[in-house]
Amino acid sequence: MIKKLIRKILGTKSKAVRDTNTPVVLGPEAHGIDPRLLSNNAVRVTSTLQEAGYEAFVVGGAVRDLLLGVKPKDFDIATNATPEQVKRLFRRAFIIGKRFQIVHVMFGQDLLEVTTFRGTTSDNAPKDEHGRVLRDNTFGSQAEDAERRDFTINAMYYNPANQQVLDYHGGIEDIRAKTLRIIGVPEARYREDPVRMLRVVRFAAKLKFAIEPETGAPIKVMAPLINNVPAARVFDEMLKLLMSGHALACLQQLRKEGLHHGLLPLLDVVLEQPLGVKFVTLALDSTDARIHAGKTVSPGFLFASLLWHQVLEKWTAYRAAGEQTIPALHLAADDVLDSQTEKLALQRKIGTDMRDIWSMQPRFERRTGKAPYKLLEHLRFRAGYDFLLLRCASGEIDADIGDWWTAFYEGDEITREELIASVHAPREGGGGGDNGGGGAGGPAKRKRGPRRGGRNRGGRGGEDGNANSPAPAHDGGAD
């Protein structure tokens, strides 16, 4: 009677009361997974654990991707072996984690994450005042582990040995219906771990799945709980979101769900300004294109693009207050980085890359004497140049500046001397000089047709800058 009343109030479908202690078992013909998509090292880990007498399965996002016919980027393994037992079976294995211990097993550069089945009895686990679980190393059965996972599509287990999929919560049905559904009561699950709200957005945008109504309903109300999550963990999740290959769709979904407040609140301003929305769209589209092409992406370039219009606004204000161009830009960069580092725990290396990209922008206005040659030797020139092309393509500054630098970058010594001479060429009415900063009205220059490929590069904004800047590439994780 009570269950019927709960179903009536929540509108829960009858399939939600299935026996979650017994999985639906699907063979190769039913699930259609292509074994060739599996990592050899994932098979090696599961077989090693099974030969030692333990249960072991590929789990989570890897199974989801395999069912969708996509080769997973990462393979996670779930087992009933404890972290210490797992560690003893592999030469390069390391126990990590405070909130929940896991084992990283290394094969060369390939890293696999092995977790012990988690238990559901977390009543005694330490929590903060908002109900977020701080530490929970309670182990349990596979059924309990499935119940602890976030979404139905991530709660399936694949055994490479017999090619069977074990499904406890209707994940197969939701994959076929393209539905994202949280396991359990949404409010309680979000309170346990508010980052799940960011994961809802990422998976919905990445997979083009609809968010099941009950799963999505509490998000706007509970969004402030994100503020209680450690900044470093929020940054990791934001990086995964931005590196998902669907960054623009993710950010739009963040705004729709009200989750961007406190993370990237400037998006409300930027995406309502014609130049701002075009600039951000170009930057995110180029990032998505690189990821889909299997190329590396610089987080520094990406965050420099997202925060540029906030820097630009403060830069303009400092200059209006009497600061010189370069000091004003450094002050603006300091303000923005200090603010965002506190909110997103930006790593120092990423912050340094962002500052270098921003600080180069006034130097692109200096196209006389030895200045262009010196800038060309800058360690992050290509990232700064691609950023300049983004500014040109979005209409923020004169496209002729980008054309000039494309010709200079690609030209031989004679061409470069001619280009510098053309900047010196006087025009009727005089002018000249260096305005230092971010707009048309710089030194007079001779009009010349763009070189082939120059203007098109602007539309790709940051492709080679992402690849060639020294910032490390982060794939951000597929799951």
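## Two helices in contact

In helix H13, Ala247, Leu248 and Leu251 meet Thr281, Leu284, Asp285 and Asp288 of helix H15, where contact means heavy atoms within 4.5 Å. H13 covers residues 247–257 and H15 residues 274–292; they pack at an angle of about 130°, with their axes 8 Å apart. That makes H13 oblique to H15. On this scale, angles under 35 degrees count as roughly parallel, over 145 as roughly antiparallel, 65 to 115 as roughly perpendicular and the rest as oblique. The axes are lines fitted to C-alpha atoms, for helices over the stretch in contact, and angles run from 0 to 180 degrees between N-to-C directions.

A word on what you are viewing: this is a predicted model, in which local features need pLDDT of at least 70 and side-chain atom pairs count only at pLDDT 80 or more, while totals for chains, interfaces and linings use all residues. Residues are numbered from 1 along each chain as its sequence is written, and side-chain values use heavy atoms, with hydrogens and water left out. Helices (H or I, at least four residues) and strands (E, at least two) are DSSP runs, numbered from the N terminus.

## The sheet

Now find the open sheet of eight strands, which has mixed pairing and runs in the order E1-E8-E7-E2-E3-E6-E5-E4. E1 (24–26) and E4 stand at the edges with a single partner strand each, so one side of each is left without a neighbour in the sheet. From one strand to the next, the twist averages 30°. Two strands pair if DSSP finds at least two bridges between them.

Strand E5 (residues 102–107) is largely enclosed by the rest of the structure, because six of its six residues are buried. Buried means under 20% relative accessible area, exposed over 50%, and partly exposed in between (1.4 Å probe, protein chains only). Ile102, His104 and Met106 point one way from E5, and Val103, Val105 and Phe107 the other way.

E5 pairs with E4 (residues 93–96) in the antiparallel sense over four bridges, and phenylalanine 94 stands opposite histidine 104. Five residues lie between the strands of this hairpin, where glycine 97 takes a positive phi near 100°. E5 also pairs with E6 (residues 110–116), antiparallel over six bridges, with leucine 111 in E6 as the bridge partner of methionine 106. The hairpin of E5 and E6 has two residues between the strands, and glycine 108 takes a positive phi near 65°.

## Annotated positions

The unreviewed UniProt entry annotates Asp74, Asp76 and Asp150 as "active site"; such annotations may be inferred rather than shown by experiment, with positions given in the numbering used here and feature names shortened. Aspartate 74 lies in the loop between helix H4 (61–67) and strand E3 (76–79), and counts as partly exposed at 27% relative accessibility. Aspartate 76 lies in E3 itself and is partly exposed at 23%.

## A covered helix

Is helix H20 mostly covered or mostly open? Twelve of its 13 residues are buried, so far as the count goes mostly covered. The buried residues include Phe381, Tyr385 and Phe387. Further along, H20 is followed by glycine 395, whose phi is positive, near 90°.
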